[in-house]
Amino acid sequence: MNERPGKQLHLAKMNGTAYPHSPRETMDGWIHLPRSLVSPRSSGSTPGHRRWTCAAVLALVLVGRLSAQEQSVSPGVNNQYQNPDPDEWAAKWETESREIYSLREQIVTACGIKPGLSVADIGAGTGLFTRLFAVAVGNGGKVYAVDIAGKFVKYIQQTCEKAGLKNVVGVVCTEDSATLPPDSIELAFICDVYHHFEFPYKTMASIHRALRQDGRVVIIDFRRVEGVSTEWTLKHVRAGREVFTREIEACGFKRVEEPEALNKTLKDNYCIIFQKVERRQETVKVMTFNLRYITAEDQGVRTWPNRRDAAAALIRQEAADFACVQEAFRSMLDDVKARVPGYGAVGMGREDGKEQGEYAAILYREAAWAPEQSGTFWLSDTPAVAGSRTWGNRVTRICTWGRFKNRTSGRLIHVFNAHFDHESQPSRENSAALVVQRIAALGAEVPVIFTGDLNATPDNPAIGTLTQGPPPLVDAWLTQHPALPAAESGTCHSFTGRRDGARIDYIFATAALTPLAAEILHDAPDGAYPSDHFPVRATLEWK
């Protein structure tokens, strides 16, 4: 973005510190998902099922073979939800005669939901639990209302709007995936819906990927016992709790709790809580976010004191391994770190190599990553000289880098974060060449991620330098959205929220990493944007 030189300054169901300063130059040292996930089937007079609303597919490593060859276990089970009447289903599902509805408050309590969590209500139906969860997580949390029926999702959006609930995201899923972003939720709620999964292994694999570390899955389903259960249950529910438990555990989960009080009260259903089992880290989640520097030109809701809570909440919500920020003064970084616990940071001020001026800082998740080396170099002919600029740019430009080791897997990764000039094209092109040179000097053994506000659209020669290399860098967004028009992929919006602005914020990676997902985040809490840029996130996987 433009600057002045030297400026300081649900898935839902129907259930119903200090910044390390290394040597300046140390090169050593509402979603719309595919129609493929299942909703619970139910006959006109059923006790009330939560149709399945899932959606985020990508087979889990632990069940790759199973999910890759998986066939539908219940073909057509969700056909009745292809064109549902939400009001009619709400009258059937949201009634005291239905056990799940009458015990709704006790069920929410058993889920252990706290303010600020991100929850997916899978098979949300008419949104009963979606609305309850939205209240429980508060304004700082988020609920994904996931359903295979678009009409249900639209109905949930409308009822939430009327109720003043602004933290609900509708997701139309597919029959074999919840279609949720990777590492996006702490809890998946699946109530009277699991038996509607046509592809249980693929679906649970997608949920595993969507869950963050130690994330939980709450399963509520019908008790199916030969000679005990009703004829309807025996015909409608394909298997009992033992079979469902084995399937879920095979997808990378462990059973951790069977809420005693709730299970004593439930007669037709049972409740089991599972936890995600962590594997060797195979993916890394990255975010780039221009925070918009502090300037007297910004007034009202655009001032940093009025934006910092929303900006920090967005970073906290994404829970990225690395959150790379630009235009951040030291005071802004302190504000963010105070509101986003668990993150360390590397970087330095561009004016003096200490604390003066904007940072291009790299925030890293301390529980997962340990910094081994880091540094900052200036985008000029004298990259080791603090404050230097020699390529026609009036504003000092920098690139911060770090070498990090994963605390669990031992994997190494390099992360670079830069802010290119907004005026000088020679500066942008030379900056790109210098970054490529520095990355090449590291060798191909350790993967590299490069992020930044590059003040250059995809057709700019500077971007061409990055993508051609060597080594060639892959534009994560472009791999996931090759056909999306520029009018829908802008990242610089000048506080207007318009999506047809320039795409100038990027996440690149070397060939050792494969982009799995990439999104531009358009969040605007209470209608106010946390910055004049949209953040960009991407999930990358080691090959």
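Q: Is N263 buried or exposed, and what is its relative accessible area?
A: In this predicted model, N263 is placed in helix α10, which spans residues 260-265. Buried means under 20% relative accessible area. N263 is therefore buried, with a relative accessible area of 15%.

Q: Which residues is N263 in contact with, leaving aside its neighbours within four places in sequence?
A: N263 belongs to helix α10. With neighbours within four places in sequence left aside, its contacts are R223, E258, Y270 and C271.

Q: What share of the 543 residues in the chain is buried?
A: The chain contains 15 helices and 20 strands. Its accessible surface comes to about 20,300 Å², and carbon and sulfur atoms account for 49% of that surface. Among the 543 residues, the buried share is 60%.

Q: Which residues of the largest nonpolar core touch the most other members?
A: In soluble globular proteins, nonpolar side chains tend to be buried together. The largest nonpolar core in this model has 37 residues. Strand β6, residues 211-222, supplies the largest share of this core, with four residues. The members that touch the most others are I122, L180, I190, M204, I207 and V217.

Q: Which residues is V217 in contact with, leaving aside its neighbours within four places in sequence?
A: V217 is one of the residues that touch the most other members of the largest nonpolar core. Neighbours within four places in sequence are again set aside. The contacts of V217 are then A188, I190, M204, I207, L211, F253, I272, I273 and F274.

Q: How many residues are in the other core that lies apart from the largest nonpolar core?
A: The largest nonpolar core holds 37 residues. Another core lies apart from it, and its members include A124, F133, I156 and V168. The number of residues in this other core is 30.

Q: Which residues of helix α5 are buried?
A: Helix α5 covers residues 128-137 and is mostly covered, with seven of its ten residues buried. Just after this helix, G138 takes a positive phi of about 75°. The buried residues of α5 are L128, F129, T130, R131, F133, A134 and V137.

Q: At what angle do helix α2 and helix α6 pack?
A: Helix α2 comprises residues 86-93 and helix α6 residues 150-162, and their axes lie 10 Å apart. Angles of 65 to 115 degrees count as roughly perpendicular, and α2 is therefore roughly perpendicular to α6. The packing angle is about 75°.

Q: What covers the buried residues of helix α12?
A: Helix α12 runs over residues 330-339, and its buried residues are R330, M332, L333, D335, V336 and K337. The elements that cover these buried residues include α11 (304-318), β10 (322-326), β11 (343-346) and β12 (362-365).

Q: What is the phi of D183, which is not a glycine?
A: D183 is found in the loop between β4 (168-172) and β5 (185-191). At 16% relative accessibility, this residue counts as buried. Although D183 is not a glycine, its phi is positive, at about 55°.

Q: What is the phi of N455, which is not a glycine?
A: N455 lies in the loop between β16 (448-453) and α14. Its relative accessible area is 12%, so N455 is buried. Its phi is positive, at about 50°.

Q: What distance separates the C-alpha atoms of G464 and E429?
A: G464 is part of helix α14, and at 17% relative accessibility it counts as buried. Along the chain, G464 and E429 are 35 residues apart. Their C-alpha atoms are separated by 9.2 Å.

Q: What is the omega of the cis peptide bond from P470 to P471?
A: P470 lies in the loop between α14 (461-468) and β17 (474-475), and P471 lies in the loop between α14 and β17. A cis peptide bond joins G469 and P470, with omega of about 5°. The peptide bond from P470 to P471 is also cis, and its omega is near -5°.

Terms used: Residues are numbered from 1 along each chain as its sequence is written. This is a predicted model: local features need pLDDT of at least 70, side-chain atom pairs count only at pLDDT 80 or more; totals for chains, interfaces and linings use all residues. Side-chain values use heavy atoms; hydrogens and water are left out. Axes are lines fitted to C-alpha atoms, for helices over the stretch in contact, and angles run from 0 to 180 degrees between N-to-C directions. Helices (H or I, at least four residues) and strands (E, at least two) are DSSP runs, numbered from the N terminus. Angles under 35 degrees count as roughly parallel, over 145 as roughly antiparallel, 65 to 115 as roughly perpendicular and the rest as oblique. A nonpolar core is a set of buried Ala, Val, Leu, Ile, Met, Phe, Trp, Tyr and Cys residues joined through side-chain atoms within 4.5 Å. Buried means under 20% relative accessible area, exposed over 50%, partly exposed in between (1.4 Å probe, protein chains only). Contact means heavy atoms within 4.5 Å. Accessible areas come from the Shrake-Rupley method with a 1.4 Å probe; for residues, only the protein chains shown count as cover.
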